[in-house]
Amino acid sequence: MIKWVDVYKAFGEKKVLDGFTLDVHEGEAVVIIGYSGAGKSVAIKHVVGLLEPDRGTVEVDDNDVPTLPRKELYELRAHIGYVFQFAALFDSMTIGDNVAMGLRKRGEMSESDIAHRVAEALELVDLPDVQHQYPAELSGGMRKRVGIARAVALRPKYILYDEPTTGLDPVTSAVIDELMIRMREKLGVTSVVITHDMRSAYRVGSRIAMLYDGRVRQVGTVEEIQHTKDPIVRQFIEGRATLEGDAASLAAPGPAFESGATARGGGAE
Amino acid sequence: MNVIEATGRWVRFRVEEAGRAGRFLEEAALAFGSVRSWLPNATLQMRRLGVDSLPIGLLIAVFTGIVLALLASYSFTGAVPLYFVGTLVEKTITLELAPVLTGLALAGRVGANIAAELGTMRVTEQVDALETLAYDPDSYLVVPRVVAGTIMFPLIVGVAMIVGLGAGWLASIGLLHLSSDEFLKGARMFFSTFDVEYGLVKAGSFGFAVTLIGCYKGLRARGGAEGVGNAATQAVVYSAVMILVLDAFWAMTWLHGRS
Ligand SMILES: Nc1ncnc2c1ncn2[C@@H]1O[C@H](COP(=O)(O)OP(=O)(O)O)[C@@H](O)[C@H]1O
Ligand SMILES: [Mg+2]
């Protein structure tokens, strides 16, 4: 279980999280939605101790992450896969080595088992033939999928996906959605998924939480969110330019959310 | 009022920076304990650092050797026997010029390189990615580089001493018409193994400082390409100043009072 309790986080004068509270139970996939810059990435970085809260607690399996001694923090991290928003691949290493990094650190598997697992992970993200290439040789979307493979290869208990499908074409997005669903249903992985893509959110999420103004504006099942009465949540999931205005595009909500971010000042505030 | 406020802020900033640097040192020292986690990378870094630095070290050594020989002969003009050219070249190269000039050149080459590399890794979240894969950036990134610097700087400087002396010797024969025997007589006359020891220990301390400062500045880089550029520049400036400070430190604490 991952648990944020009343988390505050500011960078200098800028308040990012302002009483953020959310639970993620075993086997769930909680989707976090929210405008660009709302603090979604900041929220999940707390889970692996990349950031420390100014106030409040972040717990994973009853471990209080910020106060965890170094050694135990690293042990905890070994059970959490993290997919970075911009992939964050090690550019001095081949794709194969990138994916193998976490496994090598664990030191439990032989090199041939690792090679096998790496190939399998790359297969899962539909990139079987890139092992010997370097990150710079791949497109942005391919790099992103390698980032997912790197997290998946560890077979972690939790995976945190930071915008796994942003910038991917619709078909590849669907492949990634399928992968995330499979990870949860077949392997029982508990996940947190940050996304702007409502179609993906509905497909992947068991619950959806909207981060707004530093805290959770609403959290509920897909059904509950789809029928929400909250005007701000409605505006976001329907991709309207203004709070009252017509939906910009009901048929294809995905891309419309890019403009949602710029419309923020107009309606939401 | 404003001046006081500004001074206060400056002091606080410096104190905080010192605290951060202290914590950084402490963590790097802790990471040094787990040899297995940094050793493989250290050998890689040593190779890289050596290959990167040797040409520049040799270049400096050759020119310094020649210039020193000419300088000595100019200064001595008859009053002092010419074989003292050998003495002067040997003393200045081993005690001062090989370590300091090479150190300053490598502060630019190696310090900037490390700061830019780690800075890029920091701003593209590769350092965060390492941490999530349960690697400790201190033992994975910092310690191997610092160990490599502390070992390789003296090696490079040692080669520079030999080459510099050789260049001075050749210049004396070729340009000053000194005989080989005379030059070597001068060079041997006041030679002491302490000279070499002193130069090499100094070089080790420079290597330690340059790589540590490069790592510190790199890992603290913020905000894209500009942040990485700033980190690299600062690494070079701080390293160069640190080399001069250390040079004076060794002269005052170790050289001074020996004679
Ligand atoms: N390490 C940091 N230092 C300073 N500001 C940060 C840092 N990380 C994030 N921020 C700021 O926090 C805010 C939220 O960022 P983020 O969580 O990345 O947003 P998003 O919801 O799009 O993922 C942004 O304004 C960002 O500039
Ligand atoms: Mg983000």
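1. In ligand 1, an oxygen atom sits 2.7 Å from a side-chain N or O atom of Ser41(A). Keep in mind that this is a predicted model.

2. Backbone atoms of chain A also approach the ligand. For Gly39(A), a polar backbone atom is 2.9 Å from an oxygen atom of ligand 1. For Ala38(A), the distance from a backbone N or O atom to an oxygen atom of ligand 1 is 3.2 Å.

3. These residues belong to a longer list. Ligand 1 is surrounded by Phe11(A), Lys14(A), Val16(A), Tyr35(A), Ser36(A), Gly37(A), Ala38(A), Gly39(A), Lys40(A), Ser41(A) and Val42(A).

4. Now chain B. Its secondary structure consists of 8 helices and 0 strands. From the N terminus, the order of elements is α-α-α-α-α-α-α-α. The C-alpha trace of chain B spans about 65 × 55 × 35 Å along its principal axes.

5. One helix pair deserves a look. H5(B) covers residues 137-174 and H6(B) covers residues 180-189. The two pack at an angle of about 140°, and their axes are 9 Å apart. H5(B) and H6(B) are therefore oblique to each other. Their crossing is right-handed.

6. Which residues make the contact between H5(B) and H6(B)? H5(B) contributes Leu165(B), Gly168(B), Trp169(B), Ser172(B) and Ile173(B). H6(B) contributes Ser180(B), Phe183(B) and Leu184(B). By class, this contact of H5(B) with H6(B) has 5 nonpolar and 3 polar residues, with no charged ones.

Methods:
Residues are numbered from 1 along each chain as its sequence is written. Chains are lettered from A and ligands numbered from 1 in the order in which they are written. This is a predicted model: local features need pLDDT of at least 70, side-chain atom pairs count only at pLDDT 80 or more; totals for chains, interfaces and linings use all residues. Side-chain values use heavy atoms; hydrogens and water are left out. Axes are lines fitted to C-alpha atoms, for helices over the stretch in contact, and angles run from 0 to 180 degrees between N-to-C directions. Helices (H or I, at least four residues) and strands (E, at least two) are DSSP runs, numbered from the N terminus. Angles under 35 degrees count as roughly parallel, over 145 as roughly antiparallel, 65 to 115 as roughly perpendicular and the rest as oblique. A crossing is left-handed if the near helix is turned anticlockwise from the far one by less than a right angle, and right-handed if clockwise. Contact means heavy atoms within 4.5 Å. Ala, Val, Leu, Ile, Met, Phe, Trp, Tyr, Cys and Pro count as nonpolar, Asp, Glu, Lys and Arg as charged, and the others, Gly among them, as polar. A residue is near a molecule or strand if one of its heavy atoms lies within 4 Å of it. A polar contact is a pair of N or O atoms within 3.5 Å; within protein, one must be able to donate a hydrogen and the other to accept it, and residues adjacent in sequence count only if both atoms are side-chain atoms.
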